[in-house]
Structures are given as C-alpha cells and as structure tokens.
2 protein chains.
Amino acid sequence: MAAPLSERKQQILRAVVVNYIKTAEPVGSRTVSRAYKMGLSSATIRNEMADLEDLGYLSQPHTSAGRIPSQTGYRYYVDNLMDPDDLSADDELAISSSLSTEKMREIEQIINNSARVLSSATNQTSLIMGPQFRKSAFHQLRILPLDEKRGLVVLITDTGFIKNKVIDMQQQLSQAELHQVVSYLNQKLYGLTIDQVTSSLINELKRDLFKRLEILEQAFILLEESLKEEKQIRVFLGGTTNILNQPEFKDVDKIRRMLNLFEQEPLLFKILEDSSSEDDIVVSIGEENEYEDIQECTLITGTYKIHDKTLGTVGVLGPTRMDYSRVISVMRRLVGYLNQSLSS
Amino acid sequence: MAAPLSERKQQILRAVVVNYIKTAEPVGSRTVSRAYKMGLSSATIRNEMADLEDLGYLSQPHTSAGRIPSQTGYRYYVDNLMDPDDLSADDELAISSSLSTEKMREIEQIINNSARVLSSATNQTSLIMGPQFRKSAFHQLRILPLDEKRGLVVLITDTGFIKNKVIDMQQQLSQAELHQVVSYLNQKLYGLTIDQVTSSLINELKRDLFKRLEILEQAFILLEESLKEEKQIRVFLGGTTNILNQPEFKDVDKIRRMLNLFEQEPLLFKILEDSSSEDDIVVSIGEENEYEDIQECTLITGTYKIHDKTLGTVGVLGPTRMDYSRVISVMRRLVGYLNQSLSS
DNA sequence: TTTAGCACTCTATCTTGCAGAGTGCTAAAA
DNA sequence: TTTTAGCACTCTGCAAGATAGAGTGCTAAA
C-alpha cells in the first residue's frame with residue numbers, strides 16, 4: 001500500500017479526483033488525456049488507470065464506465081496531491097463582512113452567522129459546536145436582591161457566559177452577611193472550570209457555610225442545574241438543505257437518514273468532538289468516520305479558541321466527493337476570523 | 001356554493017375524505033360502496049360523485065382515476081362532517097408524561113419538548129413560537145456593579161424573561177445616585193410592554209436624566225438592543241423529517257423548498273402569527289394560506305397562554321391530506337397541558 | 001330512482017431496441 | 001520496452017411500444 005506512486009500516476013489520480021469532484025460523473029481516459037494535456041493518448045492513460053484501480057485508488061461503478069476515486073484515493077489526494085485553494089476576493093469579503101463588520105455582542109449570534117457563512121461558501125452543511133459552558137472557568141458569582149422575597153443569582157465565566165436565575169429567599173439576610181458569603185464563594189471557586197465544580201466540592205462548601213445554608217441553597221441549585229442543563233451543548237447547523245443539491249443524495253431515503261441525524265443534537269456533538277483535534281484541521285473520509293450514518297460522507301473539522309483556550313468545534317459535512325481544498329481554505333479563514341472576533 | 005348537500009352526498013364526501021386521508025390514493029366508487037355499506041351500488045355512488053365534482057368538492061387527477069377531495073371539500077369536511085377524534089390512552093400518556101412529569105424550569109425546554117411531542121403524535125412537522133418577549137410587560141430594571149469599570153444591567157419582565165448585558169461604565173457613579181436613577185426608570189416603565197418602550201419614549205427619558213446620561217447610555221443600549229435583537233423570535237421546529245414520509249413530498253424539489261422554508265425563522269414567525277387567532281384553533285387549508293410556499297399544505301394553529309395572557313402560537317404543518325380530527329385533538333390537549341404547566 | 005353492463009381512457013410497468021460512452025486487449029509503431 | 005491505434009465488447013440510459021388494471025361515463029333495463 002505504501003509503494004510510492006510514479007509522478008505520472010499521481011498526475012492522473014489528481015486529474016480523476018479533481019474532475020470527479022467537479023462533475024460528479026465517472027471520469028474516462030479520454031477526458032483525462034484531453035483536458036490535462038500531458039502528451040499521452042487515452043490508451044496509455046487507460047493502462048495507468050487500470051493500475052491505479054489495482055492499487056486501490058480508483059474504482060469502477062460498472063465495467064464500461066469511467067473511474068471514480070475510492071476512499072483511499074481521496075485520502076492520497078488530500079495528503080499528497082491537493083494544492084491549496086486561494087479564496088477569491090468575493091469569498092474573502094463574504095466571510096469577513098458577515099463576521100467582523102457588525103458589532104455582535106451575542107456569542108450565539110456570532111456562531112449562527114458563522115454556520116451560515118461556512119455552509120454557503122462551501123455549499124455543504126456546516127455544524128458548529130457552541131462554546132462549552134462546562135469547560136469555562138468560574139469567574140464571578142453575584143447575588144442581587146430583587147425584593148424582600150427574591151434575589152437574582154448571576155454566574156459569570158471567563159468566556160463571557162452569563163447565567164442567571166431568580167431564587168426565592170426564605171430567610172432574610174443582611175447586606176453585609178450576604179456580601180460575606182458571596183465573597184467567600186468567589187474566593188473558593190475562582191478559576192475553576194465548571195466541570196471541576198463537582199457536587200462533592202459543593203457539599204464541602206455547604207458544610208463550611210452551614211449557618212447560612214438555607215438562603216444559599218438556591219444559589220447552589222443554580223450551580224448544580226447549570227451542570228446538568230448544559231450537558232447537551234447546542235450545535236448550530238447551517239445549510240442543511242445543501243445536501244439536497246448533491247447528486248449522491250437524490251435518494252429520498254438517504255435524505256431522510258441524514259436529516260434525522262441533524263435532529264439529534266447530542267449525537268452531532270459527539271461526532272464533532274470525537275473527530276476533531278485542537279491543533280489543526282482534521283479530514284475524516286468515508287469509513288474513517290466512526291459513526292455509521294456518515295460513512296458515505298466526509299467530515300472536516302477545526303476548532304476555534306478564545307485567548308488560546310479551545311472553545312468549540314467547527315465542522316463541514318458532505319459527500320466524500322467534496323471540494324476538499326476549498327472547504328479547508330474556507331474553514332481555515334473562518335476559524336481565523338472567529339478567534340479574532342471572539343477575543344475582543 | 002352554499003346549496004346544502006343532501007345527507008347522502010355528505011356521507012359520500014366524508015367517506016372519500018376519510019379514505020383519502022388514510023390511503024393517499026384516489027378513492028373509487030367501488031371502494032366507497034363496499035367499505036361504507038350504505039346499501040348503494042357503485043354506479044349510484046358514481047353519479048353522486050360526479051355531482052360532488054361539479055359542485056367543486058371533489059376532483060379527479062385524470063379521467064379514469066378515483067376522486068380526491070378538493071380544497072373546498074376539505075373545508076366542508078372540517079366545518080361540517082368531521083367527528084372529534086378521541087385520543088387513545090397511549091397518546092394521552094405520551095403528551096402528559098413528556099410535559100408535566102419532569103420539573104422543567106426552563107421555558108425553552110418546555111417549548112422544545114412540546115414541539116417534539118406534537119410532531120411525533122401527529123406525524124407532521126410542528127412549529128412553536130416561543131414566548132414573545134416584545135409583548136411582555138416591563139417589570140423591573142436593575143443595575144448591578146461588577147467591578148470599578150463594569151456593571152450588569154438586568155431587565156425582568158412579567159412573563160419571567162430575564163435579559164442581561166454587561167456594560168462598561170466610563171464614569172463612576174455613587175451607589176445612591178445609581179439607585180435614584182434606576183428607581184426613576186422603574187417607575188416610568190413599569191407595566192409597559194416592551195413594544196411600548198419606543199425610542200421616542202427612551203429619548204424622553206434621556207432628556208429627563210441628561211445629567212447622568214453618560215453612564216446610562218449603556219443601559220439604554222440594552223433596552224434598544226433588546227428591541228432589535230428579539231425582532232426575530234425563535235420558532236421551535238419538531239419533526240421536520242416527517243414531511244419526507246408523506247407521499248406528496250416524494251419530489252426532491254418540493255422537499256427542498258419546504259426545508260428551505262424551515263430555515264427561515266422570521267418567515268415562519270410571520271406565517272404563524274398571521275394565521276393564528278387568540279381564541280381557538282384555526283385551520284388554514286391550501287390556498288387559504290397567504291404564503292405561496294405552503295399553499296399545498298394545511299396549517300393548523302392554536303395559542304398558549306400564561307395567566308390568560310397569550311404568549312405564543314403552536315402550529316402543525318403538513319399536506320392538505322392530513323388527519324384533521326387527530327391533529328386538532330392532539331393540539332387542543334397539548335395546549336391545555338402547556339397552559340397549565342406554564343402557569344405554575 | 002337505482003342498477004347492471006360495457007366500452008373507453010388513462011396510468012404504471014415491463015420489454016425491447018438502440019445510441020453513446022468507455023473499457024480491455026492485441027498488434028503495430030516508436 | 002513503451003506508447004499508440006484500432007476494434008470488439010459491455011453496460012447504461014432513454015425512448016417506443018405492449019399490456020394489465022383500475023375506474024369512469026353512459027345506456028338501457030329493473
């Protein structure tokens with residue numbers, strides 16, 4: 001399998017992949033010899049293509065059709081043959097304008113826009129995992145009295161999350177006492193990620209503060225509920241209808257399975273999390289994906305950060321026949337802008 | 001058009017509608033005479049059916065096919081012929097258990113669950129408009145100092161919305177001054193709906209308070225942004241893939257148009273708002289819908305309330321061939337539970 | 001007024017035939 | 001030894017017919 005391909009074979013493989021990505025039609029020897037003038041007749045190309053098929057890089061839908069890349073073929077293309085796609089000025093503009101011009105304070109809105117841009121620039125479906133609340137670090141807890149009976153607990157993280165909850169206070173507490181308790185909690189919790197605020201830690205704190213327990217019970221409930229509630233993180237989708245434009249999804253049954261998948265947020269979350277790496281863009285082709293439902297697809301993922309801390313994952317999902325170099329370029333650019341606009 | 005139908009014609013019309021809803025196949029005279037033994041031969045039924053076609057209640061896909069209900073036919077059925085569907089114990093349980101058992105604090109989660117239940121119980125796509133922030137009444141505004149340079153503005157409505165925003169305070173303000181300003185605002189705004197807080201009102205308030213203007217500028221921005229940002233209210237969808245099971249959507253192009261519609265939240269919002277009435281369940285059949293995209297569909301809507309105040313709209317969207325009586329029953333029940341669980 | 005009977009129409013499906021695209025192989029040319 | 005031309009062969013997709021089935025409308029009898 002690791003036998004290095006001759007220069008000529010590489011050129012032919014590239015030609016087939018590029019052509020198939022563009023046309024979605026099996027590529028014949030004539031097409032290759034004509035379109036990519038390398039001074040070879042179709043017969044020669046035919047022989048080479050037969051070799052490439054034996055080596056597992058190409059396959060034939062039926063005896064008298066052209067060749068299409070196999071999964072291994074795509075992999076070889078991505079690893080060795082692909083040349084980087086320079087984004088057009090238009091693309092560049094589309095990405096930057098939809099992200100940076102507007103002053104978007106809401107992180108949710110930024111993510112949503114990103115999903116839209118990513119899907120429309122790639123013509124595929126995009127999935128973006130929202131920032132993971134649980135991985136954020138505890139920053140500040142406040143309790144704001146609303147009236148005699150109620151208060152507002154506010155929890156702020158370093159990544160800009162603000163969680164709040166109205167609580168009932170069964171027992172009156174003086175301003176000073178409240179302040180004292182709150183600052184104790186802040187001191188204990190500061191810098192911990194939400195994940196680290198386990199219930200055992202909460203219990204420990206409760207013991208320390210048991211005198212004021214009744215009032216703070218509700219505040220602890222906020223903490224605990226935050227943990228539970230955010231277990232399923234939102235995954236933002238863009239361009240789910242784009243798969244309908246792909247000829248490989250003209251079968252209604254495949255469409256159904258795909259759309260069904262899109263409705264299962266927790267699963268999408270797992271898929272994204274599993275196949276992504278913090279460092280670079282990851283390309284998972286066909287059966288390289290663990291999840292059966294997307295083994296006819298390619299998933300390309302990247303991660304975005306705020307102040308060098310990984311916040312979430314960005315993904316593009318489409319048929320294995322996808323414009324790899326374009327998607328990768330777009331994603332790289334998008335992630336760049338995203339990092340930049342989140343850090344401000 | 002208003003000529004009353006004979007009892008027999010009504011029975012036949014009902015038979016055709018019921019049968020077509022069930023099978024999605026044109027209904028022939030033989031089928032009607034056999035299945036609904038009313039002691040008439042198929043020939044007689046044929047004559048009656050020809051009459052019903054002349055009257056506009058039925059139509060024929062082609063000369064030698066059975067009849068299918070026209071839009072007018074469905075309308076007549078819904079208004080005069082339909083008998084109420086008693087929900088099975090299973091359905092009843094499915095609805096109640098997925099809504100009331102769990103202690104769901106988050107309104108978003110309640111709505112989301114409702115959408116799921118509604119779509120799975122009806123096998124159609126469900127749309128639920130979240131509570132309308134803009135129609136909520138202003139309840140309380142608070143400003144909570146976080147540190148020397150920043151504060152948290154909190155806006156609370158009577159329907160339990162809590163909006164907040166971190167603001168920069170360019171200028172130090174004493175606790176007392178802040179308190180004074182905030183209570184002035186609360187007094188002026190209390191009880192107004194968010195819709196009523198127009199920018200002219202805001203400007204007026206700004207004039208009154210112009211001495212502290214710089215600090216409060218940010219608080220006003222929160223108000224104004226709330227107005228803008230919430231213009232497009234979230235519409236929760238359930239069972240979007242259900243349309244794929246409907247034989248009328250076996251055309252990929254129709255599917256695409258439908259799914260495209262589902263991605264346009266503001267449009268969905270308008271559709272729901274326009275065709276709903278506060279009082280009862282509304283059935284809009286085919287071209288009775290204003291929006292071209294759904295003129296091959298039927299939209300059934302209802303509204304849910306909290307303390308007798310209308311919060312949002314619930315809808316079921318599917319082909320005109322839908323099980324009207326079932327959908328209406330399910331929706332009526334769901335809205336009941338929803339009202340109940342929101343008011344607590 | 002209802003019914004039986006029959007000719008007619010339309011659709012869906014299956015078969016057949018054919019053109020087009022592309023291959024693999026062989027033998028000749030470089 | 002490598003490349004090329006030529007040719008027979010295979011497979012698909014499409015169009016044109018053929019056929020069965022369902023259901024109608026009409027007419028004449030009950």
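This note goes through a sheet with its covering helices in chain A and one glutamine in chain B.

1. The model is predicted, so that local features need pLDDT of at least 70 and side-chain atom pairs count only at pLDDT 80 or more, while totals for chains, interfaces and linings use all residues. Residues are numbered from 1 along each chain as its sequence is written, chains are lettered from A and ligands numbered from 1 in the order in which they are written, and side-chain values use heavy atoms, with hydrogens and water left out.

2. In chain A an open, antiparallel sheet is built from five strands in the order β7-β3-β10-β9-β8 (strands are DSSP runs of E with at least two residues, helices runs of H or I with at least four; pairing requires at least two DSSP bridges). Its edge strands, each pairing on one side only, are β7 (235-238) and β8 (282-285) of chain A.

3. Strand β8(A) pairs with β9 (residues 297-306) of chain A over four bridges in the antiparallel sense, and A:Ser284 stands opposite A:Leu299 of β9(A).

4. Helix α6 (residues 107-122) of chain A lies across β3, β7, β9 and β10 of chain A, at about 35° to β7(A), whereas helix α11 (residues 265-275) of chain A runs at about 90° to β7(A) (angles, from 0 to 180 degrees, are taken between N-to-C directions of axes fitted to C-alpha atoms, for helices over the stretch in contact; contact means heavy atoms within 4.5 Å).

5. In chain B, B:Gln124 sits in the loop between α6 and β3, and this residue is buried because its relative accessible area is 5% (buried means under 20%, exposed over 50%, partly exposed in between, with a 1.4 Å probe and protein chains only). Residues touched by B:Gln124 include B:Ser119, B:Val316 and B:Met322.

Key
Lists of a residue's contacts leave out its neighbours within four places in sequence.
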